[in-house]
Amino acid sequence: MIKLFDTAISDTVPMVFSPDETIGMYVCGATVYGPPHVGHGRFALVYDILWRYLEYSGYKVIFASNVTDIDDKIIDRANREGRSWRSLAAESEEQWWRNMELLNVRKPHHTPHATDYIDQMIESIVKLEEKGYAYRLDDGVYMEVGRLSSYGLLAHQNLDTLRSGARVSVDQSKHSPLDFALWKAAKPGEPTWGSPFGAGRPGWHTECVVMASSLLGDDFVLHGGGLDLCFPHHENERAQAQALSINFARHWIHNGLVEVGGQKMSKSLGNYITLEEMFHEHNPSAYRLLVLQSSYRSPIEVTADLMNDAEKALERINALSRRLDDIQNSTSYDDLQLSEAMSGIDIDEKRHNFVNMMDDDFNTSSATALLFTSLRQANTLLDHHDVVSGYRLGKFVVEAFIMLGIGNLASTEAIDPKALAIVEARDAARLSRDFAKADELKSQIELLGYRVEDSTDGTKLRKIN
RNA sequence: GGCGGCGUGGCCGAGUGGCUUAGGCAAGGGCCUGCAAAGCCCUGUACCCCAGUUCGAUUCUGGGCGCCGCCUCCA
């Protein structure tokens with residue numbers, strides 16, 4: 001049984017779904033108007049890990065995450081740069097997927113674009129009008145929040161307290177400052193679509209409700225997003241769904257934000273690092289490991305120091321992976337398959353514990369701790385020549401990390417033949433105990449970008465990053 | 001002002017009413033090595049402050065201090 005922290009309930013609850021049910025999962029995705037930053041990378045990683053784990057647990061998942069390709073910010077920036085909003089959105093989206101690929105974030109089954117769902121959104125707004133939940137003003141169609149019984153569930157406040165905290169609305173004609181735009185009337189120079197309420201474009205909240213329910217149905221399991229979307233965005237999605245009498249998400253989950261010096265990383269604050277900037281200095285897999293080592297709900301800092309630490313930890317996984325590959329490529333591998341393990345290490349029990357940790361609100365921090373402990377044990381076993389036990393335990397560790405998306409463990413890059421030639425010369429020098437020459441040759445190899453590792457089964461080279 | 005959350009050893013970060021030395025990184029000492037690298041072993045430094053509940057609290061309750069998020073677009 002998987003338990004998760006449900007924002008609507010403010011508690012950890014069993015995830016509700018039947019075992020043969022396909023788990024519908026919707027996460028608010030990117031608004032494509034610029035390069036994605038480290039904060040965007042985190043939410044993408046969090047839900048990618050969650051998705052991978054649900055599948056590992058044997059469940060069928062259908063995952064949808066939207067691409068908001070029409071929005072104030074896209075229009076503003078396109079206008080500023082004197083280009084079309086379509087080309088800006090298309091280019092930014094391409095950049096988004098490129099970055100996701102580097103993070104080893106799998107593309108969701110569905111990546112709906114807001115502009116492809118305008119008709120359905122209009123239908124949805126018409127229904128809301130018919131039911132009396134919407135009203136028209138000069139600048140658009142608004143949702144009458146006061147008519148809903150459970151508005152404020154995700155914000156954990158009622159309408160009155162929310163209303164008293166609301167800043168004075170620019171638009172005084174709204175019935176309540178909390179009422180939000182379902183449809184924004186056309187302004188000069190903006191892209192528009194025709195509708196029964198005049199030319200304009202849909203509001204952000206409308207997009208997600210319509211796309212989520214058309215792709216996943218009226219009753220799906222999980223709705224996720226960044227903690228900063230909890231209110232008002234998710235609240236307003238829920239409001240519309242409720243007004244339309246659809247069940248919508250059974251569970252709401254929110255990931256913690258990335259902070260910089262204790263403050264939220266955001267485009268508006270300008271304190272962000274783009275993913276591309278990060279990848280320039282660090283291994284993208286190290287970022288995933290950093291995310292895995294903390295709780296998905298906590299805020300995290302992502303500094304160069306922490307990334308360096310994560311890279312070192314990642315290197316330990318890589319080293320074990322290489323060690324296992326060497327065993328697999330060795331001549332005695334077939335015999336090894338048939339041999340009995342000497343130690344009494346119970347891998348099934350470890351897997352069981354791993355699963356229990358992950359089932360407990362996706363406790364990746366404890367789960368990776370278990371993997372690192374096992375990693376050390378595997379190395380110890382291999383050091384002590386219990387190859388069978390060590391290999392099997394090591395395999396468990398590496399496969400679990402791969403399942404969590406820590407990929408690219410084995411370098412497939414061919415080694416520079418020049419370096420290989422020097423290695424041969426160095427081996428000869430070592431054999432004749434000419435260590436001065438051997439050391440000289442070693443530094444030549446290092447200049448070519450490789451680290452030398454002597455071992456009982458030959459000299460190995462490893463690329464220095 | 002309202003609501004939600006957080007404060008763990010040098011740094012990051014799980015967790016628990018009474019031995020988890022959680023884990024990662026860093027530091028010190030060793031083993032291995034021609035020297036290294038990789039790996040392994042050992043070691044130290046904790047639970048914001050003050051009360052209370054309890055035989056016992058880092059973990060529960062109350063108060064304080066500090067920090068963060070949301071209440072406006074934001075992953």
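I call a residue buried under 20% relative accessible area, exposed over 50%, and partly exposed in between, using a 1.4 Å probe and protein chains only. By that rule I logged His385 as exposed, because its relative accessible area is 63%.

**Ground rules**

I am working on a predicted model, where local features need pLDDT of at least 70 and side-chain atom pairs count only at pLDDT 80 or more, while totals for chains, interfaces and linings use all residues. Residues are numbered from 1 along each chain as its sequence is written, chains are lettered from A and ligands numbered from 1 in the order written, and side-chain values use heavy atoms, with hydrogens and water left out.

My helices (H or I, at least four residues) and strands (E, at least two) are DSSP runs, numbered from the N terminus.

**Entry: the sheet**

I started with a sheet. I found four strands in an open sheet, in the order S4-S3-S9-S10, with parallel pairing. Strand S4 (61-68) and strand S10 (248-255) are the edges, each pairing on one side only. On average, neighbouring strands here are turned by 25 degrees against each other, direction ignored. I count two strands as paired if DSSP finds at least two bridges between them.

Next I checked one pair. Strand S9 (residues 219-226) runs parallel to S10, and seven bridges join them. Leu222 sits opposite His251 of S10.

As background, I noted that strands of a sheet pair through backbone hydrogen bonds, either parallel or antiparallel.

**Entry: helices on the sheet**

For angles I use lines fitted to C-alpha atoms, for helices over the stretch in contact, and the angles run from 0 to 180 degrees between N-to-C directions. Contact means heavy atoms within 4.5 Å.

Helix H1 (residues 38-56) lies across strand S3 (23-31), S4, S9 and S10. H1 runs at about 165 degrees to S3. Helix H6 (residues 204-216) also lies across S3, S4, S9 and S10. I read about 150 degrees between H6 and S4.

**Entry: helix H7**

I tested the length of helix H7 (residues 230-243). At 1.5 Å a residue, its 14 residues should span 20 Å, and its end C-alpha atoms are 18 Å apart, which agrees. The expected span is 1.5 Å times one less than the number of residues.

H7 is largely enclosed by the rest of the structure, because 11 of its 14 residues are buried. Among them are Cys230, His233, His234 and Arg238.

Pro232 lies in H7. I found a cis peptide bond between Phe231 and Pro232, with omega about 0 degrees. Just after H7, Ser245 has a positive phi of about 60 degrees.

**Entry: Ser92**

I looked up Ser92 in helix H3 (residues 85-102). Ser92 counts as buried because its relative accessibility is 3%. Its side chain reaches the backbone oxygen of Leu88 at 2.8 Å. Setting aside neighbours within four places in sequence, I found Ser92 in contact with Val32, Tyr33 and Gly34.

**Entry: RNA strand B**

I call a residue near a strand if one of its heavy atoms lies within 4 Å of it. There are 64 residues around RNA strand B, and Arg167, Trp204, Leu229, Asp309 and Ser366 come nearest. Of the RNA atoms within 4 Å of the protein, 69% belong to sugar or phosphate and the rest to bases.

Which helix gives the most to the surface near RNA strand B? Helix H13 (residues 364-383) does, with nine residues.

I then listed N or O pairs between side chains and sugar or linking oxygens of RNA strand B. Asp309 has such a pair at 2.4 Å. Lys73 has one at 2.5 Å. Thr380 has one at 3.1 Å. My limit for a polar contact is a pair of N or O atoms within 3.5 Å; within protein, one must be able to donate a hydrogen and the other to accept it, and residues adjacent in sequence count only if both atoms are side-chain atoms.

I went back to His385, which lies in the loop between H13 and H14. Its phi is near 65 degrees, positive in a residue other than glycine.

Helix H14 (residues 387-403) has 17 residues, which at 1.5 Å each should span 24 Å; its end C-alpha atoms are 23 Å apart, which agrees. H14 is largely enclosed by the rest of the structure, because 12 of the 17 residues are buried. Its buried residues include Val388, Tyr391, Phe396 and Met403. Just after H14, Gly405 takes a positive phi of about 95 degrees.

Last, I checked Ser10, in the loop between strand S1 (3-6) and strand S2 (11-14). Ser10 has a positive phi of about 60 degrees, although it is not a glycine. At 39% relative accessibility, Ser10 counts as partly exposed.
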